[in-house]
Amino acid sequence: MSIPLKHFKKGTPKPKLPEDGVLRLYLMRFCPYSERAALVLSAKQIPHHKIYIDLSEKPEWYTDYSPLGKVPAIQLTDVAGQPALVESLVIAEYLDEKYPGRSLFPADPLQKALDKILIERLAPAVSAVYPVLFTKNPPADALPNFEHALDVFEEELTKRGTPYFGGQQIGMVDYMIWPWFERFPALKFVLADKYELDKTRYAKLLQWAELVAQDEAIKQTALDSQVHAKFMATRQAGEPNYDIAFEAV
């Protein structure tokens with residue numbers, strides 16, 4: 001049974017899905033939080049259906065799975081009652097613990113806790129750069145604040161002395177912060193001065209981004225920075241076109 005490759009919106013009927021016990025991921029194609037869940041599903045090779053949700057005009061039935069209307073949500077069709085989970089980190093940790101294969105979080109409880117804290121430390125960078133990407137008149141200090149917040153990750157990667165935040169192999173921190181690093185290069189298409197991160201100041205972080213981009217799970221989920229820029233332009237115009245993601249499919 002094929003699920004239409006589009007974002008379901010207000011007034012559209014709930015898609016007919018097979019009762020096959022396969023997980024159902026509800027997401028928006030350009031949402032970085034949705035991408036977190038998609039990355040873990042891909043990395044752990046967990047079969048799933050994708051149902052895309054228009055966040056500007058959410059379908060009425062979507063609150064059956066996400067009471068607050070947020071994405072991502074994942075419906076556990078292999079569990080009695082078919083409950084749904086929301087919040088990207090909750091979903092990621094559940095999938096990592098529930099399904100077989102290499103664990104993406106470290107086994108050591110302290111290191112796992114420290115990694116969770118590091119993931120949360122990306123929030124200031126996201127808050128600073130968000131208006132630059134999605135509004136026409138961002139604050140003058142937005143980019144300096146963004147760069148200052150990224151210094152934390154350059155320093156942490158230097159401190160760890162490994163190619164990935166997860167060590168010698170890609171791990172949960174890498175997957176959880178990647179969606180924003182996938183979007184940051186769109187700044188050179190969004191801003192008139194073709195902004196890019198300083199290659200000296202962020203030498204290790206940029207090397208990390210190049211390495212992570214070669215991961216198979218990343219390749220399966222990532223969009224080109226120019227596609228992100230096109231979507232950002234529709235957001236800035238007040239008419240977000242989520243289905244731009246599927247134009248080249």
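Patches are made of residues with over 30% relative accessible area and no salt bridge, like charges being joined within 9 Å and nonpolar side chains (Val, Leu, Ile, Met, Phe, Trp, Tyr) within 5 Å. The model described here is predicted, so local features need pLDDT of at least 70 and side-chain atom pairs count only at pLDDT 80 or more, while totals for chains, interfaces and linings use all residues. Residues are numbered from 1 along each chain as its sequence is written, and side-chain values use heavy atoms, with hydrogens and water left out.

Leu110, Leu114 and Ile117 make a nonpolar patch of about 290 Å², with accessible areas taken from the Shrake-Rupley method with a 1.4 Å probe and, for residues, only the protein chains shown counting as cover. Leucine 114 belongs to helix α3, residues 109–120 (helices are DSSP runs of H or I with at least four residues, strands are E runs with at least two, and both are numbered from the N terminus). Its relative accessible area of 40% makes leucine 114 partly exposed, where buried means under 20%, exposed over 50% and partly exposed in between (1.4 Å probe, protein chains only).

Beyond its neighbours within four places in sequence, leucine 150 is in contact (heavy atoms within 4.5 Å) with residues including Phe181, Phe184 and Leu197.

The strands come next. Strand β3 (residues 48–53) runs parallel to β1 (residues 7–8), joined by 2 bridges, and β3 also pairs in the parallel sense with β2 (residues 23–27) over 5 bridges; pairing requires that DSSP finds at least two bridges between two strands. Phenylalanine 8 stands opposite isoleucine 53, and tyrosine 26 has isoleucine 51 as its bridge partner.

Finally, the structure holds 15 salt bridges, each a side-chain nitrogen of Lys or Arg within 4 Å of a carboxyl oxygen of Asp or Glu. One of them joins arginine 160 and aspartate 115, whose closest N and O atoms are 2.8 Å apart. This pair links distant parts of the chain, with arginine 160 in helix α5 (residues 142–160) and aspartate 115 in helix α3, 45 residues apart. Arginine 160 is partly exposed at 21% relative accessibility, whereas aspartate 115 is buried at 5%.
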